[in-house]
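Hi,

Here is the structure I promised to pass on to you. Have a look at it first, and then read my notes below.

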Amino acid sequence: MAKPIYLAEMEMMVLLAVVRLGEDAYGVPISKELLNLADRDVALGSIYAALDRLERKGFLTSTLGDPTPERGGRAKRYLRVTPAGLRALKTTRTALINLWSGIPQLEGSRA
Amino acid sequence: MSDGKPYPPRLAIWLLNRVCAGGSEALAGDLVERFREGQTRVWFWRQVLIVLAIGALGKMRRYWPYLSYAAAGSAIPALLWRTVEGVPAALHWWALPWPLSQIAFEGSRSALLALAAVPVLAVGLRISLAFRWVSLFRTAAINLTLLALGHYLLGYLDTVPWLIRPVPGNPHLMRILAMPPPVVEFLFFSLFLVSAWAGCRSARHTRARAR
């Protein structure tokens, strides 16, 4: 049986943002998604560090787009989630749901 | 840039390109894009400093055996200087025939310093699965060469009076470098780090090729 792989918090949030953004997933929209939906102002350097880790683990693939003038002639790095990445998200969600359930002190309260 | 749009600090961009050579284009582009959307120069510098810090931490994690070796190597002169100083006398250098007497007197301290921290490097390389005997031998040889070179260069300090001063209470050590102890520690640390870096070079390349 393969060892289940769980994601760290930052990896999970970045991976979820990439899934949500679909074709437009690159650094800037990911950082905005984290700010708007998770209220996290994460530095782009930290996001790229997480993206590199996720790509090394095989949860993401990346491709470089064309250079654009508004970026000083630099290309965008587009990200896409792999099937292994989706599996890791589902495994992590199941683990978190199991941990959250059955705690009376947290029943009925939402942040 | 001649497109009329604000351009981020050039020094920050240069630093970014230097540190993240090969992988910085997209990140630099994202930072420029956010900057042109209205972020400040302070924001830009903060982002670049975070990238530099993350890069430095990554390198420390990757090369921790070298850093451990350098830390151990620079701690030995500070903690065990009396022992190191006593090595030529313990070898009875004056009773040895020339040139052994001179080698024992001039080189034994450098040799002890070069070899004493090698076990730390060996353990670090073993843990990080990069152990090779040749790396250890080469590191020790480079270290010994650099230490011996430094020892001989110190002999020429008499020609630069503002760098030397008498050692109070020690008739044998008449002069030392007029440098504060942290600077001396830093020099020793750098010397050990460079030795490990150069000595373990081929092992590093072999691993990179294997990946």
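**Two helices in chain B**

Helix 4 of chain B passes helix 7 of chain B in a right-handed crossing. Please keep in mind that this is a predicted model. The axes of helix 4 (residues 64-79) and helix 7 (residues 118-127) of chain B come within 8 Å and cross at roughly 165°. An angle over 145 degrees counts as roughly antiparallel, so that is how helix 4 of chain B runs relative to helix 7 of chain B. On the helix 4 side of chain B you will find Trp64(B), Pro65(B), Ser68(B), Tyr69(B) and Ala72(B), and they meet Val120(B), Leu121(B), Gly124(B) and Leu125(B) of helix 7. Sorted by class, this contact has 7 nonpolar and 2 polar residues, with no charged ones.

**Where the chains touch**

Chain A and chain B each bring 17 residues to their contact. On the chain B side, helix 2 (25-36) and helix 3 (41-62) each supply at least two residues. Helix 2 of chain B gives the most, with 11 residues. By class, the chain B side has 9 nonpolar, 2 polar and 6 charged residues.

**Helix 1 of chain A**

Helix 1 of chain A covers residues 9-21 and reaches 18 Å from its first C-alpha to its last, close to the 18 Å expected. Its buried residues are Glu11(A), Met13(A), Val14(A), Leu15(A), Leu16(A), Ala17(A) and Val18(A). Among the elements of chain A that cover them are helix 2 (27-38), helix 3 (44-56) and strand 1 (60-64). After helix 1 of chain A comes Gly22(A), with a positive phi near 65°.

Best wishes

Definitions and conventions. Residues numbered from 1 in each chain as written. Chains lettered and ligands numbered in written order. Predicted model: local features only at pLDDT ≥ 70, side-chain atom pairs only at ≥ 80, totals over all residues. Contact = placed C-beta atoms within 7 Å. Helix = DSSP H or I, 4+ residues; strand = E, 2+ residues; numbered from the N terminus. Nonpolar A, V, L, I, M, F, W, Y, C, P; charged D, E, K, R; others polar. Expected span 1.5 Å × (residues − 1). Buried ≥ 20, exposed ≤ 12 C-beta atoms within 10 Å, placed from the backbone. Axes fitted to C-alpha atoms, helices over the stretch in contact; angles between N-to-C directions. Parallel < 35°, antiparallel > 145°, perpendicular 65-115°, else oblique. Left-handed = near helix turned anticlockwise from the far one by under 90°.
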